[in-house]
Amino acid sequence: MTAPFRIAIAGLGTVGSGVVKALTARGDDLSHRAGRALQITAMSARDKARARGFEITGWRDDPLALADSDADVVVELIGGEEGIARDLVERALAAGKHVVTANKALLAKHGLALAKLAEDRGVSLKFEAAAAGGIPIVKVLREDLIAHGVDAIKGILNGTCNYILTEMEASGRSFAEVLKEAQAKGYAEADPALDVGGGDTAHKLCLLSSLAFGTAPDLAHVAVEGITHITADDIAFASEFGFRIKLLGVARRVGDKIDQKVHPAMVRARAALANVPGAANGVLVDAGEAGSFFFSGRGAGEAPTASAVIADIVEAASDGDQPSPVFGRPAAGLAKLAPADSKAGVSPWYLRFEVLDVPGVLAAIARHLADAGVSIESMIQRGRAPGEPVAIVMITHETAQGAVERALKVISASDKVRSRPCMILMES
Ligand SMILES: NC(=O)c1ccc[n+]([C@@H]2O[C@H](COP(=O)([O-])OP(=O)(O)OC[C@H]3O[C@@H](n4cnc5c(N)ncnc54)[C@H](OP(=O)(O)O)[C@@H]3O)[C@@H](O)[C@H]2O)c1
């Protein structure tokens with residue numbers, strides 16, 4: 001009879017608790033699927049005394065001790081790109097243990113080195129929960145959509161941002177008001193910078209990009225813009241034009257280069273990505289001749305994330321002596337593709353200026369845009385109360401990002417322009 005598969009879990013917070021509860025509740029079926037009994041043998045977190053709603057098994061004060069325990073797999077659910085999480089993962093892999101983690105920050109930064117270590121030691125390093133939570137997109141890119149290659153991935157990968165943008169549209173409230181409410185409801189962290197600044201989306205995007213394109217995770221070359229500057233006006237204008245604003249992570253092959261960026265975009269209201277609601281995630285994969293595929297569902301939270309972690313645990317238990325390469329190809333052969341010039345891609349742009357309502361302002365803006373080669377397709381000017389700035393919104397024809405940015409730099413310098421102009425890519 002096959003020996004039980006012993007599981008050590010570090011981190012018993014939202015995700016760790018979900019994993020313990022699901023392994024306990026559905027242990028028999030999961031063991032049946034794995035072909036051997038799944039057995040939690042050790043646990044660690046910061047505070048032993050905390051009530052967690054389940055029985056603690058094999059407590060260790062020091063999570064690093066899990067790497068030296070008799071476990072077959074160490075499940076890292078502490079988080080953070082450095083410190084205890086990194087030390088534990090390195091130590092467990094070096095000790096010849098499989099590792100399952102949900103830690104996108106760690107893998108985005110150290111993924112290549114950790115993948116090499118895992119493959120050297122002949123063990124698995126699995127991370128289904130690290131990108132898009134419960135949506136099994138890591139497996140899809142690593143094992144399924146491989147025959148024709150991937151041309152592009154476009155995803156809503158951060159539930160906090162999607163919740164905020166959805167609520168702003170539904171209620172007409174400002175970013176700051178909705179963020180505050182999201183924090184009160186537990187949809188946003190007390191320090192929301194990593195989410196609303198786009199950094200969390202960038203972590204996930206570079207993992208998906210690596211799986212899709214056979215490259216090493218390359219966070220340094222992801223251009224990142226968040227949603228903090230999006231106003232209720234932008235959302236209302238987008239709606240008037242038949243669009244919705246979404247924070248997208250986009251990775252695409254451009255010749256022999258890769259373009260990776262995170263930015264708010266206006267997506268046509270009928271498109272699948274525009275209809276990813278609230279805190280959900282959605283990922284569109286353009287898989288060449290195989291066609292386009294769209295995945296959506298819950299990208300975070302206890303049960304969806306635990307679901308992805310458990311799928312990895314069961315897979316590691318069934319892998320036997322032949323773990324598959326971490327990023328789908330042997331780590332030593334992951335390409336270092338040059339980044340594409342992310343400012344070169346053309347699209348229509350939404351531009352919003354807050355200006356003083358005095359003669360000549362509009363003409364000056366139009367002239368600066370024309371000087372940079374930016375031509376305008378349509379324009380709306382909204383009056384405000386006397387003395388208040390006026391919103392001028394323009395939609396450009398297809399133009400390179402670099403050209404629009406050059407024009408906005410000159411326009412921003414005018415004392416008639418009251419705030420930094422806003423530019424948002426419009427999906428054509
Ligand atoms: N939450 C989600 O929906 C979600 C989704 C996808 C991926 N993830 C990822 O999953 C990981 C865990 O996230 P989470 O939301 O479950 O975090 P969490 O609720 O904050 O839980 C973190 C756990 O780590 C423990 N911990 C923190 N610092 C520690 C230290 N120095 N030594 C020992 N234990 C320590 C905490 O112990 P105490 O309980 O004793 O304080 C807690 O049990 C992160 O990498 C996160 O990015 C989370």
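## Ligand contacts

An oxygen atom of the ligand sits 2.8 Å from a polar backbone atom of Leu 12. This is a predicted model, where local features need pLDDT of at least 70, side-chain atom pairs count only at pLDDT 80 or more, and totals for chains, interfaces and linings use all residues. Residues are numbered from 1 along each chain as its sequence is written, and side-chain values use heavy atoms, with hydrogens and water left out.

For Thr 14, a polar backbone atom is 2.9 Å from an oxygen atom of the ligand. For Arg 46, a backbone N or O atom lies 3.0 Å from a ligand oxygen. Taken alone, the ligand exposes 900 Å², and the protein buries 77% of that. Accessible areas come from the Shrake-Rupley method with a 1.4 Å probe; for residues, only the protein chains shown count as cover.

## The shell and the pocket

Which residues are closest to the ligand? They are Leu 12, Val 15, Asp 47, Arg 52 and Gly 301, out of 22 residues that surround it (each with a heavy atom within 4 Å). By class, the shell holds ten nonpolar, seven polar and five charged residues. Here Ala, Val, Leu, Ile, Met, Phe, Trp, Tyr, Cys and Pro count as nonpolar, Asp, Glu, Lys and Arg as charged, and the others, Gly among them, as polar.

The space taken by the ligand is the largest pocket. A pocket is an open set of points on a 1 Å grid over the protein atoms alone, where a 1.4 Å probe fits, with protein on both sides within 12 Å along at least five of seven lines. A molecule sits in a pocket if more than half of its atoms lie within 2 Å of its grid points.

Glu 90 is found in helix 3, residues 83–94. Helices (H or I, at least four residues) and strands (E, at least two) are DSSP runs, numbered from the N terminus. Glu 90 is partly exposed, because its relative accessibility is 27%. The cut-offs are under 20% relative accessible area for buried, over 50% for exposed, and partly exposed in between (1.4 Å probe, protein chains only). Glu 90 and Leu 114 are 24 residues apart in sequence, yet their C-alpha atoms are 6.9 Å apart in space.

Leu 112 belongs to helix 4, residues 104–121. Its relative accessibility is 18%, so Leu 112 counts as buried. From Leu 112 to Ala 8 the C-alpha separation is 24 Å, across 104 residues of chain.

## Around helix 5

Ala 132 lies in the loop between strand 5 (125–126) and helix 5. Is Ala 132 buried or exposed? Ala 132 counts as buried, because its relative accessibility is 0%. Its phi is near 65°, a positive value in a residue other than glycine. Most residues other than glycine have a negative phi.

Arg 142 is placed in helix 5 itself, residues 137–144. Arg 142 is buried, because its relative accessible area is 9%. Its side chain makes a polar contact with the side chain of Glu 143 at 2.7 Å. A polar contact is a pair of N or O atoms within 3.5 Å; within protein, one must be able to donate a hydrogen and the other to accept it, and residues adjacent in sequence count only if both atoms are side-chain atoms.

## Further along the chain

Asn 158 is in the loop between strand 6 (152–156) and helix 6 (159–171). At 4% relative accessibility, Asn 158 counts as buried. Its C-alpha atom is 7.6 Å from that of Ala 279, 121 residues away along the chain.

Technical notes
On a 1 Å grid over the protein atoms alone, a cavity is a set of points where a 1.4 Å probe fits but cannot get out, and a pocket is an open set with protein on both sides within 12 Å along at least five of seven lines; lining residues have an atom within 4 Å of a point.
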